[in-house]
Amino acid sequence: MATRSLNKVLLIGNLTRDPELRYTPQGTAVCTFGLATNRTWPPADGGEQQEAVEFHRIVAWAKLAEICAQILYKGRKAFIEGRLQTREWTDQEGKQRNVTEVVVDNMIA
């Protein structure tokens, strides 16, 4: 019996840059942008409130990519639902590179 697994990401944050829309050689739209999420917590010693920011690389495909490019812009708040994906490649200098990104299934702005 196979065990079930789940790869799901839910983010609400602000865009760190304007979306970049490109097309693959096959004509499929792909849109990439950055999203920042913040979290705050009180320190254990009772001092000032602490804050941390996480930056996420977001990728949307096909019709959703075109919609993201049309309505999103730097600074706008967005809800992103998707999955994590890690890609690996060799750069022009022969160095191995990898990136983990959120592939969007649903977006609300």
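**Close-up views of a predicted model**

**View 1. Surroundings of Thr37.** Leaving out residues up to four places away in sequence, Thr37 touches Leu11, Ile12, Gly13, Ala52, Val53, Glu54 and His56; contact means heavy atoms within 4.5 Å. The model is predicted, so local features need pLDDT of at least 70 and side-chain atom pairs count only at pLDDT 80 or more, while totals for chains, interfaces and linings use all residues. Residues are numbered from 1 along each chain as its sequence is written, and side-chain values use heavy atoms, with hydrogens and water left out. Thr37 lies in strand 3; strands (E, at least two residues) and helices (H or I, at least four) are DSSP runs, numbered from the N terminus. Thr37 counts as buried because its relative accessibility is 14%; buried means under 20% relative accessible area, exposed over 50%, and partly exposed in between (1.4 Å probe, protein chains only).

View 2. Helix 1 spans residues 62–71, and Leu64, Ala65 and Cys68 are buried in it. Seen down the helix axis, the buried residues fall within an arc of 105 degrees, so they line one face of helix 1; the arc is that of the directions from the axis to the C-beta atoms. The face turned away from this buried side carries the exposed residues Lys63 and Gln70. The cover over the buried residues includes strand 2 (20–23), strand 3 (29–41), strand 4 (50–61) and strand 6 (96–108).

**View 3. Arg39 and Trp41.** The charged end of Arg39 sits over the ring of Trp41, 4.2 Å from the ring's centre. A charge sits over a ring if NZ of Lys or CZ of Arg is within 6 Å of the ring centre and within 35 degrees of the ring normal.
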